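The sequence and the coordinates are shown below.

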Amino acid sequence: MRPLVAAATLLISYAVFSPYQAAAEVAESYKCKMNAGVTRAQIVAMGESYIKVGEAKNYTDFHLSILFPMYSDDMSVGTFFWNGTSPSMATLEEAITIWESADNAAAQALWVQYVEDCESASLYSAVSVN
């Protein structure tokens with residue numbers, strides 16, 4: 001995940017200069033593949049572990065969704081999307097800091113065990129419509 005965090009950091013730098021930044025949320029997405037034998041429930045539990053680390057630090061600005069394709073141009077077994085939304089670049093940076101912290105070692109270890117690879121990372125300026 002470190003190469004993807006580096007990619008996200010570069011994308012963060014770009015997004016700071018994008019228009020509508022003040023009114024938009026920041027959304028990140030990683031397209032990943034589970035290792036053979038790993039279940040969706042295990043991926044979700046890993047995400048819950050990470051969110052609990054943030055909550056223990058009174059950090060609740062990062063919202064995580066894990067998408068498992070039901071229909072997509074990529075229906076290969078084990079594909080999932082790790083999606084995070086934050087109200088600002090600063091709060092996304094906090095979320096990344098929490099992910100990389102020693103307090104999150106359990107989720108980091110599970111990531112290495114559960115995730116084969118992530119083929120892409122994206123950062124978006126997201127405007128909520130409703």
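Which residues of H3 are buried?

## Helix H3

The model discussed here is predicted. In H3, the buried residues are Met89, Thr91, Leu92, Ala95, Ile96, Ile98 and Trp99. An α-helix has 3.6 residues a turn, so residues three or four places apart point the same way.

Twelve residues at 1.5 Å a residue should span 16 Å, and the end C-alpha atoms of H3 are 17 Å apart, which agrees.

## The four-stranded sheet

Four strands form an open sheet in the order E2-E3-E1-E4, and their pairing is antiparallel. Strand E2 (63-67) and strand E4 (115-126) are the edge strands, each of which pairs on one side only. From one strand to the next, the twist averages 20 degrees.

E2 and strand E3 (residues 79-86) run antiparallel and are joined by five bridges. His63 has Thr85 in E3 as its bridge partner. Helix H4 (residues 105-114) lies across strand E1 (25-34), E3 and E4, and runs at about 120 degrees to E4.

## Aromatic pairs and cluster

A pair of aromatic rings is described by the distance of the centres and the angle of the planes. Eight aromatic pairs are found in a search of the whole structure. One of them is formed by Trp82 and Trp111, which are edge-to-face at 5.1 Å centre to centre with 85 degrees between the planes. This pair links distant parts of the chain, with Trp82 in strand E3 and Trp111 in helix H4, 29 residues apart. Trp82 and Trp111 are both buried.

Trp111 also pairs with Trp99: the ring centres are 5.7 Å apart and the planes stand at 80 degrees, so this pair is edge-to-face. Here the link runs between Trp99 in helix H3 (residues 89-100) and Trp111 in helix H4, twelve residues apart. Trp99 is buried, as is Trp111. One aromatic cluster is formed by Tyr50, Phe62, Phe68, Phe80, Trp82, Trp99 and Trp111.

## The disulfide

How many disulfides does a search of the whole structure find? The search finds one. The disulfide joins Cys32 to Cys118, with an S to S distance of 2.0 Å. The link of Cys32 and Cys118 is right-handed, with 90 degrees about the S-S bond. Because Cys32 lies in strand E1 and Cys118 in strand E4, the pair ties together parts that are 86 residues apart in sequence.

Both ends of the link can be classed by accessibility. Cys32 has a relative accessible area of 3% and is therefore buried. Cys118 counts as buried at 12% relative accessibility.

Lys31 is found in strand E1. Is Lys31 buried or exposed at 14% relative accessibility? Lys31 counts as buried, because its value is 14% and the cut-off for buried is under 20%. Beyond its neighbours within four places in sequence, Lys31 is in contact with Asp74, Thr79, Phe80, Phe81, Asp117, Cys118, Glu119 and Ser120.

Gln42 has its place in helix H2 (residues 40-56). With a relative accessible area of 28%, Gln42 is partly exposed. Leaving aside neighbours within four places in sequence, Gln42 is in contact with Gly37 and Tyr114. Gln42 and Trp111 are 69 residues apart along the chain, and their C-alpha atoms are separated by 9.9 Å.

Methods
Residues are numbered from 1 along each chain as its sequence is written. This is a predicted model: local features need pLDDT of at least 70, side-chain atom pairs count only at pLDDT 80 or more; totals for chains, interfaces and linings use all residues. Side-chain values use heavy atoms; hydrogens and water are left out. Two strands pair if DSSP finds at least two bridges between them. Helices (H or I, at least four residues) and strands (E, at least two) are DSSP runs, numbered from the N terminus. Axes are lines fitted to C-alpha atoms, for helices over the stretch in contact, and angles run from 0 to 180 degrees between N-to-C directions. Contact means heavy atoms within 4.5 Å. Rings of Phe, Tyr and Trp (its six-membered ring) pair if their centres lie within 6.5 Å; planes under 30 degrees apart count as stacked, over 60 as edge-to-face and the rest as tilted. Buried means under 20% relative accessible area, exposed over 50%, partly exposed in between (1.4 Å probe, protein chains only). The expected span of a helix is 1.5 Å times one less than its number of residues. A disulfide is a pair of cysteine sulfur atoms within 2.5 Å.
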